[in-house]
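Here's a quick briefing on a single protein chain.

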Amino acid sequence: MNAVTGWKALFADETTENEKKEDADLPLPVLHQGDRCQILETKIQSLHTKPPAPFTEGTLIAAMKNAASLVDDPQLKQILRESAGLGTEATRAGIIETLFKRQMLARKKHHIQATPLAQELIAGLPDMLTHPGMTALWEQSLEDIAQGKMSLAVFMQKQAQWLQHLVERGKAQPLPLTLPKTPDCPHCGGRMRQRQGKTSPFWGCVNYPACKGMLNDKATQSRKARRANQQK
Ligand SMILES: [Zn+2]
């Protein structure tokens, strides 16, 4: 495949010798209004914009690491670069795993997709909370605490105030969420909640202890799989 040289084509002669050294310093030719330039070539190309490739677990972890690229503010960008993005080497995989468990993420073949529940939650949350720049602000505060510029007590107090404010505001606005489908309780027909048993997760009735309805997770999964197959 031929590399597209773009504006570098203008300097094809000059760049051959001291390419590396001079490349960065070369000014574009001075142009004045009314200058006549020769058109060398025109092309009409029909192209389609493509959506970005869906994340895989690997690229999602890389994106968390490079969260700086998702932030516009130069100062926050710098902090995220220094703190190596969202989470740490030790916690990133666990964060993603938790999102799967809470049904915010779903696997589709090799790809990861945000579920409708996750999309609704993000849409309903205050903008600030959904932005990677938030992590940068907290990192900055932790750094200030480490350097003695701010006390931990002041930081915690500010956090508590802010949180209270967010909760009050959150209470005042509706948050429509499409909850993931859960099996019905075989005893009372109520909703069931997934719980962690000693060896594996199981479904327990939300009316426990009044109702002791239970389903083991494997049974519901194979039923789900059968249903999915029937729909195909
Ligand atoms: Zn029940």
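A quick word on burial before we start: a residue is buried if 20 or more other C-beta atoms lie within 10 Å of its own, exposed if 12 or fewer, and partly exposed in between. Q103 has 16 C-beta neighbours inside 10 Å, so it counts as partly exposed. Keep in mind that this is a predicted model. The protein chain has 8 helices and 5 strands, and buried residues make up 7% of its 232 residues.

**Overall layout**

- Reading from the N terminus, the elements go α-α-α-α-β-β-α-α-α-β-β-β-α.
- If you take contacts between residues at least 6 apart in sequence, 38% of them join residues at least 24 apart.

- Which residues of helix α3 are buried? In this helix, which covers residues 74–82, they are L76, I79 and L80.
- As background, an α-helix has 3.6 residues a turn, so residues three or four places apart point the same way.
- Over on the other side of α3, you'll find P74 and Q75 exposed.
- What do the buried residues of α3 pack against? Their partner is α6 (133–146).
- The largest nonpolar core has 9 residues in all: M64, A67, A68, V71, L76, I79, L80, L86 and A136.
- With 3 residues, α3 gives the most to this core.
- Core member M64 is in contact with G85, L86, G87 and R92, leaving aside its neighbours within four places in sequence.
- Just after α3, A84 takes a positive phi of about 60 degrees.

**Helix α7**

- Helix α7 runs over residues 152–172, and at 1.5 Å a residue its 21 residues should span 30 Å; the end C-alpha atoms are 30 Å apart, so the two agree.
- How many of the 21 residues in α7 are buried? The count is 0, so to speak a helix that is hardly covered.
- P174 is in the loop between α7 and β3, and it counts as exposed because it has 6 C-beta neighbours inside 10 Å.
- P174 and G124 are 50 residues apart in sequence, with 8.3 Å between them in space, C-alpha to C-alpha.

- Strand β1 (residues 105–108) and strand β2 (residues 111–114) pair in the antiparallel sense, over 4 bridges.
- One of the pairings puts R107 with its bridge partner I112 in β2.
- The hairpin of β1 and β2 has 2 residues between the strands, and there K109 takes a positive phi near 55 degrees.
- K109 is a residue other than glycine, and with 8 C-beta neighbours inside 10 Å it counts as exposed.
- Q103, in the loop between α4 (92–101) and β1, also isn't a glycine, yet has a positive phi of about 60 degrees.
- A53 belongs to the loop between α1 (19–23) and α2 (57–65), and it is exposed, with 8 other C-beta atoms within 10 Å.
- A53 and H111 lie 58 residues apart in sequence and 9.1 Å apart in space, C-alpha to C-alpha.

**The three-stranded sheet**

- In what order do the 3 strands of the open sheet come? The order is β3-β4-β5, and the pairing is antiparallel.
- At the edges are β3 (192–196) and β5 (214–216), each of which pairs on one side only.
- From one strand to the next, the twist averages 30 degrees.
- β3 and strand β4 (residues 201–205) pair over 5 bridges in the antiparallel sense, and a hairpin joins the two through 4 residues.
- Within that pair, Q196 stands opposite P201 in β4.
- Between β4 and β5 there is a loop that holds P209, and a cis peptide bond joins Y208 and P209, with omega at about 5 degrees.

Definitions and conventions:
Residues numbered from 1 in each chain as written. Predicted model: local features only at pLDDT ≥ 70, side-chain atom pairs only at ≥ 80, totals over all residues. Contact = placed C-beta atoms within 7 Å. Expected span 1.5 Å × (residues − 1). Core = buried A, V, L, I, M, F, W, Y, C linked by C-beta atoms within 7 Å. Pairing = 2+ DSSP bridges. Axes fitted to C-alpha atoms, helices over the stretch in contact; angles between N-to-C directions.
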